Amino acid sequence: MALSVYSQVENNKAKTWLIMAFFTIFIATVAYVLGQSSGYGLSWAGAALILAGLIGFGSYYWSDKMVLAMSGARLADRKRDFDLYTVTENIAIAAGIPKPKVYIIEDSAPNAFATGRDPKHAVVCITRGLATKLERSELEGVIAHEMSHIHNFDTRLMAIVAVLVGMIAFLSDWFMRIVWWGGARRSDREEKGNIGAILIVLGIIFAVLSPLVATIIQLAISRRREFLADASGVLLTRNPEGLASALEKMSKDREVLEAATNATAHLYIINPFKGKNFSAWFAGLFDTHPPIQERIKILRSM
Amino acid sequence: MLFFILILCILVILYVWYLYNNLVASKIRVKEAWSQIDVQLKRRADLIPNLVSTVKGYAKHEKNIFENVTIARSSLLAAEGPAKKALANNQLASALKSLFAVAENYPQLQASGNFLQLQKELGDTEDKVAYARQFYNTAVLEFNTKIQIFPNILMARNLGFTEVEFFQTQEEEKKKVEVEFN
């Protein structure tokens, strides 16, 4: 069983490369089309890619600090948050990784997330509401789930994916602004006539659709990671009931986490916006998480 | 024919080379896991003098129990190797159990903040030992399996690798007995 987790980690690292390659091609295509259609051509695409790449790298490298700043978390204290702190130490021992930093968000909605580009820079973050509502064994289940995201390199994968999705959003945003303000070499384009108009329409379609496609891919990746983290978390605690009953407690709570934004929602253990319920089939495409009842059912059958 | 033998020799050398490095890496993982158990057992032992003196402040007459705990503690510190350490750790656990049972007769002690803190710390240390044990036993299982499967078993002993002991606790031994009775 332990071997299957090791192979999952390898699998995850390989998949990270694949996703990066795919996204690079995707981004280059989008940049090319938008560049052609805005009239600035390849130089625009090149400059935009370099700038977006720099921003992307920065937000990947400092992802832990950025997320923490965005959610207003503070460092947990061994004395004040004894259970949380020691449980994290214990699960780190079980996983054989260095103890991640533990942060607390002062919010009563129960939730948790992990981030950081590798196990050495990992951060586990939990809301005050969750820390007080859970028993020690339930806390172990939640922390083990988060620790599995770190151990399986999910946090890195998701950080990279978030950056790539951000780059696409950035490109299309920039393009729309240029179209709005008229773009360059208007006279050139007017000379081209029909082709110019088609290019602009194509560009707008790309600018609108590509962030959507990128987000759907991101969310699909995120959902699969959750099941895996549940399973490998249980491998650490050897107690599926702990996580199952913690998830149950969280699902009964209807409070919306105010510290979460659309940019950080996929990081959390359960969807922080659970209050909003869509029943349409396509809403499933935009779920960051698999249905919580399904997760509990799988855990209870382990 | 000569060519064939040469290929065979190279394959065998490559296999032994790979096996040796692989086993060394596994063995190091086992050692690291063991040192984690060691650290936690040491931490457990370090908490005890403080606990004994706190309880003594409220329950002076229970000399026997203090002695048992102190002896168990020093034998844990003196024990070498997984099997002996596990045994000493189990003895310390039962000595502590009777200490906490006695402590229940002293309401003032139960209310003391220092005692509660120590109780929490000891409980946490026990969790830590359990998790370190789990990690260690997984590493041992992996290592022992590697040296016992064919064809590794033909070479492992000659390369100087022998099986490693598991770190077993009371609960597991109890479970084994139950299975036998059934």
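Modeller: Two strands are said to pair if DSSP finds at least two bridges between them. By that criterion, strand 1 of chain A and strand 2 of chain A, the latter covering residues 101-105, are paired in the antiparallel sense over 3 bridges. The model is a predicted one, and what follows should be read accordingly.

The pairing belongs to an open sheet of 4 strands in chain A, ordered 1-2-4-3 and mixed in its pairing. Strand 1 (73-75) and strand 3 (112-115) of chain A each have a single partner strand and stand at the edges, so one side of each is left without a neighbour in the sheet. From one strand to the next, the twist averages 30°.

Helix 6 of chain A, residues 136-151, contains His149(A). The relative accessibility of His149(A) is 5%, and because buried means under 20%, His149(A) counts as buried. Apart from neighbours within four places in sequence, the residues in contact with His149(A) are Ala114(A), Asp154(A), Thr155(A), Arg225(A), Glu226(A) and Ala229(A).

I now turn to the part requested. Contact between the chains involves 18 residues of chain A and 16 residues of chain B. Together, chain A and chain B bury about 1400 Å² between them, with carbon and sulfur atoms giving 51% of that area. Of the area that chain A buries against chain B, 39% is supplied by Phe82(A), Asn90(A) and Ile93(A), more than by any other three residues.

Charged and polar pairs are also present. There are 4 salt bridges between chain A and chain B. Glu89(A) forms a salt bridge with Lys128(B), in which the closest N and O atoms are 2.7 Å apart. Residue pairs in polar contact between chain A and chain B, with both residues at pLDDT 80 or more, number 8.

As to the elements involved, helix 1 (2-38), helix 4 (82-95), helix 6 and helix 9 (194-237) of chain A each supply at least two residues of the side of chain A that touches chain B. Helix 4 of chain A gives the most to that side, with 8 residues. Helix 6, which holds the buried His149(A), is thus also among the helices that supply residues to the side touching chain B.

Note on methods: Residues are numbered from 1 along each chain as its sequence is written. Chains are lettered from A and ligands numbered from 1 in the order in which they are written. This is a predicted model: local features need pLDDT of at least 70, side-chain atom pairs count only at pLDDT 80 or more; totals for chains, interfaces and linings use all residues. Side-chain values use heavy atoms; hydrogens and water are left out. Axes are lines fitted to C-alpha atoms, for helices over the stretch in contact, and angles run from 0 to 180 degrees between N-to-C directions. Buried means under 20% relative accessible area, exposed over 50%, partly exposed in between (1.4 Å probe, protein chains only). Contact means heavy atoms within 4.5 Å. Buried area is the accessible area (1.4 Å probe) that two parts lose on being put together, summed over both. A salt bridge is a side-chain nitrogen of Lys or Arg within 4 Å of a carboxyl oxygen of Asp or Glu. A polar contact is a pair of N or O atoms within 3.5 Å; within protein, one must be able to donate a hydrogen and the other to accept it, and residues adjacent in sequence count only if both atoms are side-chain atoms.
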